[in-house]
Amino acid sequence: MTGGRRRLRRAALLALCAGLASPAPAVEPDEILDDPALEARARSLSEEIRCLVCRNESIDESNAELAKDLRLLVRERLTEGDSDDEVLAYLVDRYGEYVLLRPTFTAGNAALWLGGPALLLIGAAVSILYIRRARPEAAANAAPLSAEEQAKLEALLKDD
Amino acid sequence: MIAEFGHFALVLALMTSLAQTVVPLVGAQKGWVDWMRVGTPAAGLSFVLTAISFAALTYSFVVSDFSVELVASNSHSLKPMLYKVSGVWGNHEGSLLLWVLILTLFGACVAWLGGNLPDGLKARTLAVQGAVGVAFMLFTIFTSNPFTRLEIPPLDGADLNPLLQDPGLAFHPPFLYLGYVGLSTAFSFAVAALIEGRVDAAWARWVRPWALSAWMFLTIGIALGSWWAYYELGWGGWWFWDPVENASFMPWLAAAALLHCAIVVEKRDTLKSWTILLAIVAFSLSLLGTFIVRSGLLTSVHAFASDPTRGVFILGILVVAVGGSLALFAYRANDLEPGGVFSVASRESALVLNNLLLSVSCGVVLLGTFMPIIREAWDGEMISVGPPFFNLVFTPFMLVLAAVLPIGAMLPWKRGKIGKTVRTLLPALIFAVSVLALVWAFETGRSTLAPVGMGLAAWLVAGSLWELAERAKLGRAGARETLRRLSRLPRADWGKAVAHAGLGILFVGVGGIEAWKQEDIAALAPGESLEVAGYSYRFDGVERVRGPNYFAERGLITVLDDGREIALLTPEKRFYPVAGMPTTEAGIDSGFFRDLYVVLGDRQGEDGDVWAVRGYVKPFANWLWFGAGIMSLGALLSLTDRRYRVGAVAKRKPVTAASPGAVPAE
């Protein structure tokens, strides 16, 4: 029986490594902190931290061993009085930026963070130009030049 | 024998698709009508042959012919019939054949239903559709043949991944493919129009039903996938911003933008080059999605076994299709403009804003999905881009979109007054603001997103309904007159209101579940309880059960509300011995206002009867899928509008004139 359970657990872990979604959620009853405020902080921090051996899962969702270790580590740091940022910095020191599901705002990630606003600005500029050009007033202005205007224009061009 | 027959039919389909590509295209360039008309029977034949091939593969799965390698590695004789059939597309090769089948089906639909299309446009559209078919058939036959035989067949199969043995997931891929591939038709129309160098209101009218149906199928497919993830993956998440999810979401956003701007082309003969570009981009994103899933480039929980040759082949298709069509676009775009005149406050401008928001949000998702690869190639730095990033950067677009939608949807064409439209919508606005205030007061500032989300949801639903009421002169004319006007409204207008209201309902679901979900976890002995949000989950023990091809431990959990029993939930931990894989089945009591959701965790200690139990309360969870369903219903209503119905246009004068006057702009 115990062998069966162990096999089952191993199969679960194997499935996880094979990139299949893990069954059953993560946080175990024995991990939970007594202080509800601290536990709530631990949960929301966990959602920001990547389970390093999984595919696109936070440590809050994953039931891999490493995720459990990281969850315990986060809780340990919090009980020792670290702020949220300090906990994240602690993890980045050890595992690199890869551990953060929300990349930091640094020069290397500028394209990621500024790409959206840049697209929006460019798109908005193009849209505004397009809409302005389609205005009835603008369309009227764009009417072909009269013979008089044409002559004037040619005269101006000659002057140059 | 049957498998060889299927293989042979697929090769024949490749030949007819080649004919479908070359003959009508040459005919259209040379002006030979009889050559152009070859497209119609060729497209029909390609579909019939692919269908025969697909039927042969399905037959092999149904009778469990384990001498076929694909059946042996993805099926099992004990599997329920539904999953034997859905196993056909639960793997790379079979799903590719399904993709080709749907591609040829859409080609055949254009051929059979497009009787009113001009010969040239129809021939070129079918040719482009045929070319896409040729590429994918070559891909199937040369890199992913589903009909390969095994020299020594095994006694039984290796079973389908148990996670895929689920009714929700059985139908998720077909709908998703109907959506992805439906966009190929819009793409074919766009490229055909570029080759012809002409886009007019009639073109937009022909292309819009295809964009609309593709979007509808994508909506259903994505919603099915999300629903499945919610009840199957075991923690009640409904969207994970996984690369493969994003791969289906980006075409959805692009298709949503496309079907809106196609209206502008149809009604006002402007925004033409943008519409063409969007049609190309939408299908390119579909191809990109296929590439992501099948190349293993982005690791994901969805990825099929990755194979570099396949990745390179799809990349080839992607480069030729995207590069070729964009080059053609660059060459032709100047011939397409200019178009109609409209003022700043007008429906046209509102739809430009809609397209701006949808396409930039799509760009943001694209950027986030691919940034880890780009960054790694750039300076070798490994980064992760996950849900916290996407939620932060994507949500604002949707909030702005929802805030302006009811106003934009009611602005008149050509020239309107924003103040006047807002005044008309005042009752809806008041309703929305009261909902916002009410929710704010109720939850005493726990989250700001919830009141805003609920307020916007109310704004969307009330705004859409109020627009219908206004057009029916509710309260200003008699009840009989109102009813008469309502029944006379075009189906497309009903569809628009219903789809927009559906988005509002979806907002309720997102807001409720994200802001107010509650959960608790505890190790429980039989008789003990867990309290979540006022509900008491009483653990009554675990029983062993045996399914057709799995064993399960089933928890018995009684939910009590104030001491009154309201539900018996039976979450399971299943184990599929053939695949050697465990799965979880959540116990869910679905309700109008909340889902009670419970998952059985691990046994605590080796042989005790104490188990970890996780109880959740998920407010408004059902509204998510219900909202998506309403949105697709809206699309369906629009599709039945007589303007888009086949034949209806033919009976009227075929609209080829490019003048905006040809289509009444309301």
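At what angle do the axes of helix H16 (residues 426-443) and helix H17 (residues 449-471) of chain B cross?

## Helices H16 and H17 of chain B

The axes of H16(B) and H17(B) cross at roughly 155° and come within 8 Å. This is a predicted model, in which local features need pLDDT of at least 70 and side-chain atom pairs count only at pLDDT 80 or more, while totals for chains, interfaces and linings use all residues. Residues are numbered from 1 along each chain as its sequence is written, and chains are lettered from A and ligands numbered from 1 in the order in which they are written. Helices (H or I, at least four residues) and strands (E, at least two) are DSSP runs, numbered from the N terminus. Axes are lines fitted to C-alpha atoms, for helices over the stretch in contact, and angles run from 0 to 180 degrees between N-to-C directions.

H16(B) and H17(B) are therefore roughly antiparallel to each other (under 35 degrees is roughly parallel, over 145 roughly antiparallel, 65 to 115 roughly perpendicular, the rest oblique). Residues are in contact if their C-beta atoms, placed from the backbone, lie within 7 Å. On the H16(B) side the contact includes B:Phe431, B:Leu436 and B:Trp440, and on the H17(B) side it includes B:Met454, B:Trp459 and B:Trp466. The residues of this contact divide into 17 nonpolar, two polar and one charged. Here Ala, Val, Leu, Ile, Met, Phe, Trp, Tyr, Cys and Pro count as nonpolar, Asp, Glu, Lys and Arg as charged, and the others, Gly among them, as polar.

## Helices H9 and H10 of chain B

Helix H9 (residues 201-232) and helix H10 (residues 243-268) of chain B pack at about 150°, with axes 8 Å apart. That makes H9(B) roughly antiparallel to H10(B). The crossing of H9(B) and H10(B) is left-handed. Their contact has 18 nonpolar, three polar and three charged residues.

## Chain B as a whole

Chain B has 21 helices and ten strands. Its radius of gyration is 27 Å, close to the 26 Å that the globule rule gives for 666 residues, so chain B is as compact as a globular protein of that length. The radius is taken over C-alpha atoms, and the rule is 2.2 Å times the number of residues to the power 0.38. The C-alpha trace of chain B spans about 80 × 75 × 60 Å along its principal axes.

Of the 666 residues in chain B, 58% are buried (20 or more other C-beta atoms within 10 Å of the residue's own; 12 or fewer is exposed, in between partly exposed; C-beta atoms are placed from the backbone). B:Trp625, in helix H20 (residues 621-639), is buried, with 21 such atoms within 10 Å. B:Trp625 touches B:Ala223 and B:Trp227, not counting residues up to four places away in sequence.

Chain A has seven helices and zero strands. Buried residues make up 30% of its 160 residues.

The contact between the chains takes 54 residues from chain B and 46 residues from chain A. H13(B) gives the most to the side of chain B that touches chain A, with twelve residues. By class, that side of chain B has 31 nonpolar, 16 polar and seven charged residues.

Definitions and conventions
Contact = placed C-beta atoms within 7 Å. Left-handed = near helix turned anticlockwise from the far one by under 90°.
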